[in-house]
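Have a look at the picture first, then read on.

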Amino acid sequence: MNPLPDGPAERPTDGPADGHSGGPPAELPTVAPRLRDLRRRSGLTLEAAAGRVGLSPAHLSRLETGRRQPSLPMLLALARTYGTTVSDLLGEVSPERDPIVRADRMEAQEAGGWTYWQAGGSGRAMQALRLHVPERSGAQEDLVRVHPGEEWLYVLGGRLRLTLGETVHVLSPGDAAHFDSLTPHRIAAARSGGADLLFVHTLLQSGAAELCLGGDPRGGRPGRP
């Protein structure tokens, strides 16, 4: 990550930031204490946290004490560093999500020859899918993916060929796999009739885009297995 610019010249730390009062900016009253609390929960010193987001310790200290207001890029960088969201930093309360996904709401969608059913709620840190991998799926079958996160899959039916790095695994019904998705990986059916599986992966939490090696990356949707 490129260091974030500190912006205009900063005012001395021994005086109010706005030149009128010593209180925090009214626009984001909850950010300063949340930043300080999240940093401490993460076990990071001021210097360590500042280094991760490309700020000076003095600048981060001003953000935590309300003497400076963070920009959106700073909020994004801090949220990633502390493993949370910008909404959480701002103290916004998300509406309660329904934890149940009924079968009649799982609509089949097709992309690149594969069929997907959404098996989890939206707005989560993980995505859960039920999917069918056909015997031949064109570009999808040759596509090798590398991206941040973790993936877990469980074979419901058929046989699945899972390539992790240079190793090829053939999975049967009841077999499962759990791997770091920075490992180059490829998924394909291992026999006629295709394969059915449950699939869970972590959504990308950074600005890094999915990297596809080989094949045609337009054959499937970003973030899919």
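1. Accessible areas here come from the Shrake-Rupley method with a 1.4 Å probe, and for residues only the protein chains shown count as cover. On that basis the chain exposes about 12,700 Å², with carbon and sulfur atoms supplying 52% of it. Of its 225 residues, 34% count as buried (under 20% relative accessible area; exposed is over 50%, partly exposed in between).

2. Keep in mind that this is a predicted model: local features need pLDDT of at least 70, side-chain atom pairs count only at pLDDT 80 or more, and totals for chains, interfaces and linings use all residues. Residues are numbered from 1 along each chain as its sequence is written, and side-chain values use heavy atoms, leaving out hydrogens and water.

3. On confidence (pLDDT, the predictor's own score for each residue, from 0 to 100), the chain has a mean of 74, and 69% of its residues reach 70 or more. Strand β7 (residues 167-171) is highest at 97, while strand β11 (residues 211-213) is lowest, at a mean of 37. Residues 205-224 have pLDDT below 50, and this stretch has 47 contacts in the model beyond near neighbours in sequence (contact: heavy atoms within 4.5 Å).

4. The secondary structure comes to 6 helices and 11 strands, taken as DSSP runs numbered from the N terminus (helices H or I, at least four residues; strands E, at least two). Of the contacts with a separation of 6 or more, 66% join residues 24 or more positions apart.

5. Leu 156 sits in strand β5 (residues 150-158). Leu 156 counts as partly exposed because its relative accessibility is 42%.

Notes:
Buried < 20%, exposed > 50% of the residue type's maximum accessible area, 1.4 Å probe, protein only.
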